[in-house]
Amino acid sequence: MAATLVLKVMFSFSEHTTLIKFTPNTTVRESVEAICVKNNKDQAESFGLYCPEQEGFWLDDERTLMSYEPWKITTIEFKKKELRNISFIYRGDHFSVPMDETTPITQLFPIIAKGCKTPNYADHIITYNNTPLDLNQSFVKQGFTDLNQIEFIFKHEFFVKRVQQNTGSIKKHKKLEIPEFPIFEQPLVNSLFRGSKPLKVPTIITKTIKFVEECGLDAEGIYRISGNMNNITVLKDLFNQKDDVDLHQYINSPHDATGVFKLYLRNLPEPPLTFDLYEKFVQADKIRFVWEKAKKLKTLIQCLPTPYFDTMSLISRHMKLVSTYSKKNHMQMHNLAMLIGPNLLRSSDSGMSSGKEKSFLPLFAIGVFEYEANEESEISVKKGQYYEVISQNLEEGQENQETQEASWWTVKNILTKEKGFVPSSYIELKEQGFCPQIKDNQSTQKRSKVRKQLDNLKRQIESNVLDVERISVQNDNLQNQISQIEEQLNKQKELRKLLELSFQQKYPNNLQEN
């Protein structure tokens, strides 16, 4: 049986007090209704419990009394809520919802959602003149008297709208002066001590991740599609100068945020998983059993220095969240691992990947148009087929794909292994190290190898079975021979006994003399 507790409640409109008996599961609304029945009060929905302490707040009807730790509260008032019709805009329609303007907004969400005729209010915010309101404060405490232009909007839609309003502003941004404490191409810990208080994770990581989670989780090819290089360069200059950078003010695409995110990680002198643990991570990846591998990787992660551990924890949680939207963004966990993994773990021999250095990852392209080879030095291009780019025969001044016109690249067909020239306009570059067909081909090779091993094992087993049968036959023959020898020995013993008896009977005197 659940324990019963007693709470003293004071009526705000008189000096009368009453006692509430409640269990740990009793809600605030159930308590209010019990008080109304006990004191003959009608319209229980217009009453509530109010705590005047800590600047005052209404108890949420849906929460239990126990969740408020009533033994820590000296005064709880039973009072009538003064309701006011507040006009909300939701998806272009206007709704008038009666509510108490002194109640924290977060407690009003169920009422607002019901008034706006939407069953789900998760991931929504309330804005006034395109400015989000503090949901932990009431309308009155935030100084709002005109409550007719309030919008109830899905969080993702709000941030997308803000991004769209800021398009083009980054191109007008002037290049900043040389920063005093840059973060690019500097150790990760340098990014944690730029302000008055040390940080757990570099600001550039937290801000870009927050931007993607607000308005880029469902963007197709997130972390695979490259952003605008001009925008990424400007963001790099800004973050080198200061931590307080509002991404919504400068960019209009989540791909720009992921671009500067990858650039920062790629330019770190030492990756987040550190050089010291590189060989151990490589050896752990070779472990065949999944649970044993996971246990080993967890142990290695816990060996990281605290700033690196905190950074990896945030990145891991974020990548897991991005993969949950794979039906929309087409980025599953293995795709993200191929793209982000090389920036998180690399050997000290590979060096720091800058824009002019050659990456240790191969460069791949996919066929976007059909092309038939006309000469022996060329190879045909098939739409959807992947090719490894061996060399890009760029003319002087051609630095990116947008400026390349009808240049010829040397490529290798992933499946047929053919090498030759193809026109660059017929293929499209992909992220370095990204080629699903190689993974499929490797899987096919692994299956073929396993199949051969199974066939060899089967042949060995069959050979062993024949050997066992042959040995069994030989054993039977030996047993028969042993049986025959034993029979002969027994016969010889019997014959000897007969001879001895016969001799005794024939020469008894000789035996006595002897």
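This is a predicted model: local features need pLDDT of at least 70, side-chain atom pairs count only at pLDDT 80 or more; totals for chains, interfaces and linings use all residues.

Visitor: How are helix 4 and helix 7 oriented to each other?

Guide: Helices here are DSSP runs (H or I, at least four residues; strands are E, at least two), numbered from the N terminus. The axes of helix 4 (residues 203-215) and helix 7 come within 9 Å and cross at roughly 155°, where axes are lines fitted to C-alpha atoms, for helices over the stretch in contact, and angles run from 0 to 180 degrees between N-to-C directions. Angles under 35 degrees count as roughly parallel, over 145 as roughly antiparallel, 65 to 115 as roughly perpendicular and the rest as oblique. So helix 4 and helix 7 are roughly antiparallel.

Visitor: Which residues of helix 7 make the contact with helix 4?

Guide: Contact means heavy atoms within 4.5 Å. Helix 4 brings Ile204, Ile205, Thr208, Ile209, Phe211, Val212 and Cys215. From helix 7 come Pro254, Ala257, Thr258, Val260, Phe261, Tyr264 and Leu265.

Visitor: And how does helix 5 lie against helix 7, parallel or oblique?

Guide: Helix 5 (residues 229-241) packs on helix 7 at about 55°, with the axes 9 Å apart. Asn231, Ile232, Leu235 and Lys236 of helix 5 meet Asp256, Gly259, Val260 and Leu263 of helix 7. With that angle, the two helices are therefore oblique.

Visitor: Is aspartate 256 buried or exposed?

Guide: Aspartate 256 lies in helix 7 (residues 254-266). Leaving aside neighbours within four places in sequence, aspartate 256 is in contact with Gly227, Asn228, Asn231, Ile232, Leu235 and Ile251. Buried means under 20% relative accessible area, exposed over 50%, partly exposed in between (1.4 Å probe, protein chains only). Aspartate 256 has a relative accessible area of 2%, so it is buried.

Visitor: What about aspartate 276, buried or exposed?

Guide: Aspartate 276 sits in the loop between helix 7 and helix 8 (278-285). Its C-alpha atom is 8.8 Å from that of serine 348, 72 residues apart along the chain. With a relative accessible area of 69%, aspartate 276 is exposed.

Visitor: How do helix 10 and helix 12 run relative to each other?

Guide: The axes of helix 10 (residues 306-323) and helix 12 (residues 333-344) come within 10 Å and cross at roughly 155°. Among the contacting residues are Met312 and Ile315 of helix 10, and Leu336 and Ile340 of helix 12. At that angle, helix 10 and helix 12 are therefore roughly antiparallel.

Visitor: How many disulfides turn up in the whole structure?

Guide: A disulfide is a pair of cysteine sulfur atoms within 2.5 Å. Cysteine 36 is buried at 2% relative accessibility, and cysteine 215 is buried at 10%. The search of the whole structure gives a disulfide count of zero.

Visitor: How far apart are the end C-alpha atoms of residues 468-502?

Guide: UniProt, in an unreviewed entry, places a "coiled-coil region" at residues 468-502. The span is 100% helix and 0% strand. Its end C-alpha atoms are separated by 51 Å.

Key: Residues are numbered from 1 along each chain as its sequence is written. Side-chain values use heavy atoms; hydrogens and water are left out. UniProt positions are given in the numbering used here, feature names are shortened, and annotations may be inferred rather than shown by experiment.
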